[in-house]
Amino acid sequence: MQTTHDTLLDSFPGDTLRTPVDELVTRAKANDREALEILLRRYLPWIFNISLRMLHRHADAEDATQEILIKVMNALPGFRGEAKFSTWLYRIAFNHLLNVKKPKWAASDAICSFAVASAGLRQVPDLDLPDPRTVPVPIEILIEETGNNCMIGTLLCLDGRQRLVFILGEVFGVSDEVGAEIAEVTPVNFRQILSRARRDLYEYLRDNCSLVNAKNDCKCARKTRAFIQVAFVDPAKLQFTQAHTRKVRDVAARRASELNDAYMEMGASVYRGHPFYEPSEQAAILRKALALLSV
């Protein structure tokens with residue numbers, strides 16, 4: 001039986017004239033190449049944004065997005081409509097991302113504990129900002145890049161399942177019911193995983209990050225030069241502060257449920273204020289996926 005739950009991961013602003021998903025799915029299953037491309041293009045930005053926050057590096061997110069699209073295409077003939085198409089697709093993405101393995105790290109694991117991350121942050125020196133004449137972009141952009149890089153990096157301190165549930169439930173505001181369908185858990189379990197992820201992440205942010213608690217010593221401006229020196233930030237190749245037309249909050253509406261603590265609300269606001277990234281190689285990712293399907 002097809003679910004009646006809607007998901008915020010279905011639509012984009014200004015896309016009111018689009019072909020209905022069910023029609024595209026039917027046509028794609030009948031080997032309509034144009035319908036398949038439209039269908040995949042609609043979901044590609046969401047898959048990329050989830051993958052980026054799951055894996056942190058753009059190259060890894062692009063690779064994962066392409067691999068997920070290939071899995072979706074290969075599985076599409078077996079889609080029977082028992083669940084909503086978007087739910088079915090994000091289950092594939094969810095399971096794929098949990099199984100990504102990189103050198104010395106599997107995405108299903110936390111890259112380190114919050115305690116280790118906190119100790120490491122304290123070891124990053126506070127330095128003066130770079131001379132504006134020595135960098136190719138305005139200093140304000142570099143400070144924003146440092147903050148976005150660090151905040152997205154903190155998600156890696158959650159284990160993979162917590163990270164994905166947090167990305168779905170808190171960053172993109174998916175309902176408990178839809179999130180539970182995607183993660184293949186009960187709504188109660190989804191809320192429990194999300195609650196623990198919120199608590200662990202926001203306790204870290206409350207104690208360390210000045211974007212969440214202005215009293216904290218860690219200031220993006222003070223860390224920017226050190227981030228550049230260790231190649232976490234490349235002024236010539238920005239990863240997290242690209243030109244963008246939307247922020248997460250513009251494409252994912254605020255959840256109705258209230259957060260209990262002010263620092264949790266502030267933390268959520270910071271994450272939802274990040275760019276909604278448009279993958280620079282979106283057309284190339286789609287072409288490669290379609291080409292590989294044809295092999």
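Modeller: In this predicted model, contact means heavy atoms within 4.5 Å, and by that criterion I50, R53 and M54 in α2 meet G160, R163, L164, I167, L168 and V171 in α7. By class, the contact of α2 with α7 has 6 nonpolar, 1 polar and 2 charged residues.

Colleague: What makes K223 count as buried?

Modeller: Buried means under 20% relative accessible area, and K223, which is found in helix α10 (residues 220–229), has 7% relative accessibility, so K223 counts as buried. Leaving aside its neighbours within four places in sequence, K223 is in contact with L121, V124, P125, D126, T146 and C218.

Colleague: How do you know whether N99 is buried or exposed?

Modeller: The cut-off for exposed is over 50%, and the relative accessible area of N99 is 52%, so N99 is exposed. This residue, N99, lies in the loop between α4 (85–98) and β1 (101–102).

Colleague: Which distance separates the C-alpha atoms of N99 and G160?

Modeller: Although N99 and G160 are 61 residues apart along the chain, their C-alpha atoms are separated by 9.1 Å, and G160 is also one of the α7 residues that meet α2.

Technical notes. Residues numbered from 1 in each chain as written. Predicted model: local features only at pLDDT ≥ 70, side-chain atom pairs only at ≥ 80, totals over all residues. Heavy atoms only, no water. Helix = DSSP H or I, 4+ residues; strand = E, 2+ residues; numbered from the N terminus. Buried < 20%, exposed > 50% of the residue type's maximum accessible area, 1.4 Å probe, protein only. Nonpolar A, V, L, I, M, F, W, Y, C, P; charged D, E, K, R; others polar.
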